[in-house]
Amino acid sequence: MSLSTPHLIYILSAYGITFVSLSFFLVLNYTQWKRLLSNET
Amino acid sequence: MKYHLAQPSFFLKITRPLLPASGFLMTIFFIAGLYTSLVTSPPDYLQGDGMRIMYVHVPASWMALFVYGFLALMSFFSLVWRHPLAEVLAISAAPIGALFTALSLITGSLWGKPMWGTYWVWDARLTSVLILLFLYGGYWALYKSYTRPDQGLRAASILALVGVINLPIIKGSVEWWNTLHQPASLTKLSGPSIHVSMLTPLLLMAGAYFFYFLTVLILRACKELKTRKLMILESMK
Amino acid sequence: MIRRELRNLYLHGGTLLATFSFFVFALFCIALTLGPHENILKQSAPALIWILAILSTLFSTPLLLKAEAKEGLLDEILLHPSSPAFYLLSKTIAECILFGLPLIVVGACLSSFFLLPYKDILTLSLTLLIGFPALSSLGILGGLLTIHSQGGGLLIALLILPLTLPLLLFGLAVMEMVRLGLDSSASFCLLTGVALLLVIISITASSWALRFAIEG
């Protein structure tokens with residue numbers, strides 16, 4: 001894919017929103033899980 | 001009480017090796033999926049590079065439906081057999097499903113804007129996905145509105161089951177309504193034949209989403225199980 | 001059993017009256033604010049009347065249920081030898097007679113606000129009549145699901161409104177067909193089928209919910 005393609009902004013924002021929100025949710029759950037694990041031991 | 005804790009502890013045991021494995025697979029699939037979808041797959045002859053949005057959009061819609069099915073199945077188990085693990089899995093799965101549904105809607109409208117010229121069409125498929133999001137929202141709101149989580153869970157499970165029966169009816173009614181209003185309906189994937197070079201990234205991304213679901217599900221379920229155990233211990237003191 | 005339910009509903013006449021006045025007043029406001037444009041009024045009338053009917057049913061039915069639960073009438077049902085589904089069904093029927101019929105009549109009278117022709121009013125009332133049992137049983141389901149929760153009527157609307165969508169769409173499809181002078185029997189059959197299906201589903205789910213609601 002070349003960077004001069006039309007609609008680049010839409011493609012990038014679709015990928016961006018997907019990955020930002022997925023990783024945010026993952027990190028959120030991971031930290032909560034980690035905290036609980038460290039509390040227990 | 002022993003029986004109550006026995007099976008969740010088994011779950012905790014088998015997920016200990018499963019969690020890193022699924023996280024690892026998720027990373028591999030995401031990297032491969034991103035590479036194939038953004039670099040190696042050819043642009044569509046009709047839609048150009050815009051159709052690359054499909055690789056993040058379509059798997060999200062699949063997962064939205066799949067997670068709702070999973071949620072309904074687990075709700076059924078928890079209602080009929082009062083299985084504690086099913087309860088935990090159901091409430092752990094719901095927010096992930098809602099996230100996938102929201103992502104599917106957002107990427108769908110970002111795809112629609114350059115292709116159809118508008119962010120939103122009252123198409124049958126779009127409308128039913130929106131309603132799916134409302135169903136997830138209702139499930140979560142009902143669960144959270146109870147002060148006692150076990151009561152809330154039962155009410156929410158019944159709602160999930162009613163929703164899963166109603167979803168096809170809703171889809172049918174919206175389709176019927178649309179044929180009345182706009183005869184030329186928009187179809188997203190043209191024809192059943194997708195070329196292999198496009199199918200590979202699609203399947204890779206679907207695998208990545210699936211392992212993402214698995215990883216987050218295990219994380220959430222472990223967390224939920226441990227909080228429950230702590231609550232039981234607290235109440236016994 | 002139906003007679004018992006009718007008496008119960010009659011005793012809670014205040015709630016019914018409040019719901020009626022909500023229905024009437026909301027219709028009046030909408031008709032007034034849309035202005036005297038005949039086309040807009042005519043086209044939007046069926047949808048507005050349907051949506052208001054759904055909303056007023058969804059708000060009033062749970063209120064009635066909560067009042068009954070407070071009086072301990074729901075515990076009585078489980079002691080009763082017959083299945084709770086019968087009780088819920090008779091509740092639905094009673095509500096159709098005491099609440100649905102007047103609502104439809106009032107709706108038909110007020111359609112003159114919207115300058116609807118006579119034939120449209122008749123079809124609208126008929127679709128409402130078919131759809132009302134399903135609405136009322138869905139309202140009962142919503143009420144039972146939220147009986148111990150802290151959320152108010154808004155929560156019920158969030159839960160149940162997506163489920164009423166098929167009724168709304170099929171009902172409006174019938175209206176559209178009649179307005180265009182086409183054969184409306186297909187959508188009529190669909191509306192009836194969906195309404196029956198929804199009654200069955202929600203009564204079954206409600207009898208589960210009832211058991212849970214009382215066991216606590």
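Visitor: Before looking at any helix pair, I would like to know what describes two packed helices.

Guide: Two packed helices are described by the angle between their axes together with the distance between those axes. In this predicted model, helix H3 of chain B, residues 84-116, and helix H6 of chain B, residues 196-236, have axes that come within 9 Å and cross at roughly 130°.

Visitor: Which residues of H3(B) and H6(B) make the contact?

Guide: From H3(B) come Val88(B), Leu89(B), Ile91(B), Ser92(B), Ala93(B) and Ile96(B), while H6(B) brings residues including Phe213(B), Val216(B), Arg220(B) and Glu224(B). Sorted by class, the contact of H3(B) with H6(B) has 10 nonpolar, 1 polar and 2 charged residues.

Visitor: Now to the places where chains meet: how many residues does the contact take from chain B and from chain A?

Guide: Here one counts the residues on each side, and the contact takes 23 from chain B and 21 from chain A. On the side of chain B that touches chain A, two or more residues each come from helix H1 (2-40), H3 and H6 of chain B, and the largest share, 8 residues, comes from H3(B). By class, that side of chain B has 14 nonpolar, 3 polar and 6 charged residues.

Visitor: And how many residues does the contact take from chain B and from chain C?

Guide: That contact takes 27 residues from chain B and 27 residues from chain C. Helix H4 (124-144) and helix H5 (149-181) of chain B each supply at least two residues of the side that touches chain C, with H5(B) giving the largest share, 17 residues. The residues of this side of chain B divide into 18 nonpolar, 8 polar and 1 charged.

Visitor: Finally, why does Ile97(C) count as partly exposed?

Guide: One counts the C-beta neighbours inside 10 Å, and Ile97(C) has 14 of them, which lies between the limits of 12 or fewer for exposed and 20 or more for buried, so Ile97(C) counts as partly exposed. Ile97(C) lies in helix H5 of chain C, residues 84-110. Although Ile97(C) and Pro133(C) are 36 residues apart in sequence, their C-alpha atoms are 9.8 Å apart in space.

Technical notes:
Residues are numbered from 1 along each chain as its sequence is written. Chains are lettered from A and ligands numbered from 1 in the order in which they are written. This is a predicted model: local features need pLDDT of at least 70, side-chain atom pairs count only at pLDDT 80 or more; totals for chains, interfaces and linings use all residues. Helices (H or I, at least four residues) and strands (E, at least two) are DSSP runs, numbered from the N terminus. Two residues are in contact if their C-beta atoms, placed from the backbone, lie within 7 Å. Ala, Val, Leu, Ile, Met, Phe, Trp, Tyr, Cys and Pro count as nonpolar, Asp, Glu, Lys and Arg as charged, and the others, Gly among them, as polar. Axes are lines fitted to C-alpha atoms, for helices over the stretch in contact, and angles run from 0 to 180 degrees between N-to-C directions.
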